[in-house]
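Please report on the fold, the cores and the salt bridges of this protein chain. Keep it short and give the cut-offs.

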Amino acid sequence: MEHIDVAVIGGGQSGLATAHAFLRRGLRPVVLEASDRAAGSWPHYYDSLTLFSPARYSSLPGMPFPGAYRDRYPHRDEVVAYLTAYADRLDAEIRTGSRVIAVRHTGDGFAVELEGGGRLSARAVAAASGTFGHPHRPALPGLEDYAGQVLHAADYRSPAPFSGRRVVVVGAGNSAVQIAAELAETARVTLATRSPVKFAAQRILGRDLHFWTTRTGLDAAPLGRFLARPPAQPVFDDGRYRAALAADRPDRRPLFTSADGAELVWPDGQREEVDAIVLATGYRPDLPYLTDLDGALDADGSPRHREGIATRAPALAFVGLEWQRSLSSNSLRGVGRDAERITRRLAAHLTRR
């Protein structure tokens with residue numbers, strides 16, 4: 001079995017930031033990435049996705065986001081190119097096509113098992129596999145009886161296949177509103193939510209919201225430890241999405257109450273045939289490889305940790321969790337801070353051993 005110091009599971013933004021932090025501490029991590037390139041989930045998001053933060057606030061440690069206009073909102077493909085370039089510049093061993101299927105305790109660390117039968121022995125493990133591989137599909141009333149097309153936002157790419165069709169988008173977050181507004185340009189769309197959509201102004205006093213959260217320290221404040229669960233994020237808006245909902249493009253309704261074949265039943269009793277439902281209902285940490293690692297996950301499959309350090313599994317840490325430590329923990333602009341903290345703790349642990 002091959003022996004290494006640290007295995008970093010995931011080669012997206014979290015894994016790359018973690019590898020960078022380990023290298024700064026003189027450790028040689030091995031990054032294990034399931035896909036064929038080190039860009040994480042970004043290549044798989046819908047075509048029109050742009051960052052919510054400007055380029056100047058969207059960099060990993062050691063490499064500014066490129067481009068002369070720093071206040072633009074980078075497109076998905078720009079982020080993919082940035083992460084690919086970051087990985088190429090990083091003096092770390094990144095093994096693509098290496099899907100981790102299990103991590104188990106051994107006498108002096110962990111056995112890391114790979115799809116296809118490969119195994120590694122690691123003194124420490126950093127789980128940085130994100131959430132995209134674990135789309136959240138809540139139990140919605142009547143959904144199991146619905147006969148039309150159902151897909152998660154993880155599988156949505158563009159409005160073209162839905163042109164002229166009747167579509168319901170479920171969710172009240174940024175992705176839900178963006179996808180619904182985009183679909184409404186060519187389809188008849190309803191945004192179905194449990195409560196009204198909450199908006200946050202993208203710009204305040206001529207400055208992007210991220211200028212103010214950074215200037216006030218809110219972006220990096222260690223508030224995650226006080227949250228039992230991540231709060232719902234508002235929809236960042238420069239005015240276009242409020243206007244779209246006000247014009248009923250899409251219209252917003254309370255969540256449907258049941259389904260009968262291809263028909264949905266709304267709270268007012270109206271029945272309506274719907275061609276497709278898009279679940280923009282978020283994601284959960286994608287950590288199936290830790291299922292058999294004692295103490296790593298709770299009964300719901302959520303990681304047991306304090307600011308990224310596992311509470312019941314020595315030498316295990318997490319990176320890139322939503323509200324892991326702060327508002328920006330699972331973002332390009334904030335993951336580097338968390339990576340620095342967990343690598344410092346893991347390096348100290350390895351030194352003591």
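The report below goes from the whole chain to single residues.

**Basis**

This is a predicted model: local features need pLDDT of at least 70, side-chain atom pairs count only at pLDDT 80 or more, and totals for chains, interfaces and linings use all residues. Residues are numbered from 1 along each chain as its sequence is written, and side-chain values use heavy atoms, with hydrogens and water left out.

**Overall fold**

The protein chain has six helices and 21 strands. Both are DSSP runs numbered from the N terminus: helices are H or I with at least four residues, strands are E with at least two. Along the principal axes, the C-alpha atoms fill a box of roughly 65 × 45 × 35 Å.

Of the 353 residues, 51% count as buried. Buried means under 20% relative accessible area, exposed means over 50%, and partly exposed lies in between (1.4 Å probe, protein chains only). The accessible surface comes to about 16300 Å², and carbon and sulfur atoms hold 49% of that. Areas come from the Shrake-Rupley method with a 1.4 Å probe; for residues, only the protein chains shown count as cover.

Contact means heavy atoms within 4.5 Å. Among contacts with a separation of 6 or more, 64% join residues 24 or more positions apart.

**Cores and helix α3**

The largest nonpolar core has 93 residues. Val169, Leu290 and Leu316 have the most contacts inside it. A second, separate core has 14 residues, including Leu140, Tyr146, Ile277 and Leu279. A nonpolar core is a set of buried Ala, Val, Leu, Ile, Met, Phe, Trp, Tyr and Cys residues joined through side-chain atoms within 4.5 Å.

What does Val169 touch, leaving aside neighbours within four places in sequence? Its contacts include Ala176, Ile179, Ala180 and Leu183, as well as Val189, Leu191, Val278 and Ala280.

Helix α3 (residues 174-183) is mostly covered, with nine of its ten residues buried. Among the buried ones are Ala176, Ile179, Ala180 and Leu183. Their cover includes β8 (166-170), β9 (188-193), β13, α5 (240-246) and β18 (276-279).

**Salt bridges**

How many salt bridges are there? The count comes to 24. The rule asks for a side-chain nitrogen of Lys or Arg within 4 Å of a carboxyl oxygen of Asp or Glu. Side chains of opposite charge can pair when their charged atoms come close.

| Pair | N to O distance |
|---|---|
| Glu93 and Arg95 | 2.7 Å |
| Arg166 and Glu272 | 2.5 Å |
| Glu307 and Arg341 | 2.8 Å |

Arg166 lies in strand β8 and Glu272 in strand β17 (residues 271-273), so this pair ties together parts that are 106 residues apart in sequence. Both residues are buried.

Glu307 lies in the loop between β19 and β20 and Arg341 in helix α6 (residues 335-352), so the pair ties together parts that are 34 residues apart in sequence. Glu307 is buried at 11% relative accessible area, whereas Arg341 is partly exposed at 25%. Salt bridges that share partners join Arg166, Asp251, Arg253 and Glu272 into one network. Glu93 is partly exposed, with a relative accessible area of 38%.

**Single sites**

Gly308 sits in the loop between β19 (305-306) and β20 (309-310). Is Gly308 buried or exposed? Gly308 is buried, with a relative accessible area of 0%. Beyond four places in sequence, Gly308 contacts Ala317, Phe318, Gln324 and Ile342. Gly308 and Ala127 are 181 residues apart in sequence and 9.4 Å apart in space, C-alpha to C-alpha.

Ile101 belongs to strand β4 (residues 100-106). Ile101 is partly exposed at 45% relative accessibility. Not counting residues up to four places away in sequence, Ile101 touches Glu113, Leu114, Glu115 and Tyr289.

Leu223 is placed in the loop between α4 (209-216) and β13 (235-237). Leu223 is partly exposed, at 33% relative accessible area. Together with Leu218 and Phe226, Leu223 makes a nonpolar surface patch of about 300 Å². Patches are made of residues with over 30% relative accessible area and no salt bridge; like charges are joined within 9 Å, nonpolar side chains (Val, Leu, Ile, Met, Phe, Trp, Tyr) within 5 Å.
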